[in-house]
Amino acid sequence: MTTTPPAAQAAPGEAAAPFVRDTVRWLERAVIGLNLCPFAKGVHAKGQVHYAVTLTDDPAEVLALLRSELSALAAAPAEVRDTTLLVLPNCLQDFLDFNDFLEVAEAQLDDLALDGTLQIASFHPQFQFAGTAVDDVSNCTNRAPYPTLHLLREDSIDRAVAIFPDAEMIYERNIEVLESLGMSGWAALDVGPTPPERPASEPSQGKV
């Protein structure tokens, strides 16, 4: 008999706060600021983005939490919660491991009978398109401060595409924007993870 692993607990507000701040900064400065996703501004402005942060390093626990968040999104009114960002600061740090995990994550849609209702998109700080160099700026279209699973409603995607002309051209436009920006320009946006604070008792390593 197989058992479902316990879901990782979503981090409480105080513990989640720095990771949510970093994610919101990336959303506002990169995704919305560079207009990488024309559909993001509206749901962000209306407060319809739900942020769930888990501090677990166990992919099995993440998977169980993902199932919970998928069910919660499907059950919530779209005007209250249109989309969910599940942020994983301590898990699946290696992009190849994360990529492998996505196949298992996608299978949850079928398992929960939510295929055709929800989608799962993904972002990762090490994201790399096949055939590109690590420092190719085009990879930044899918880079976020932390490994992140983006849970979306199919209906919301359809409505957004219906009112946005030439939606299929978004990817090409994004590449042009990022190539114009360059890696130095991307770095200047400061949309990476915030370095952990040094404990007050820890002496500075610099010269006095």
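Let's start with one detail: a polar atom of the Gln-48 side chain sits 3.2 Å from the backbone oxygen of Glu-79. This is a predicted model, where local features need pLDDT of at least 70, side-chain atom pairs count only at pLDDT 80 or more, and totals for chains, interfaces and linings use all residues. Residues are numbered from 1 along each chain as its sequence is written, and side-chain values use heavy atoms, with hydrogens and water left out.

**Around Gln-48**
- You'll find Gln-48 in the loop between helix H2 (40–45) and strand S1 (49–53); helices (H or I, at least four residues) and strands (E, at least two) are DSSP runs, numbered from the N terminus.
- Gln-48 is buried, with a relative accessible area of 10%; buried means under 20%, exposed over 50%, and partly exposed in between (1.4 Å probe, protein chains only).
- Leaving aside neighbours within four places in sequence, Gln-48 is in contact with residues including Val-43, Ala-78 and Glu-79, where contact means heavy atoms within 4.5 Å.

**The whole chain**
- There are six helices and four strands, and along the sequence they run α-α-β-α-β-α-β-β-α-α.
- Of the 208 residues in the chain, 42% are buried.

**Helix H5**
- In helix H5 (residues 154–163), the buried residues are Glu-154, Ser-156 and Ala-160.
- These residues are on the same side of H5 because they cover an arc of only 160° around the axis, taken from the directions from the helix axis to the C-beta atoms.
- Asp-155 and Ala-162 are exposed on the other side of H5.
- The cover over the buried residues of H5 includes strand S3 (118–123) and strand S4 (148–153).

Conventions
Polar contact = N/O pair within 3.5 Å; in protein donor to acceptor, adjacent residues only side chain to side chain.
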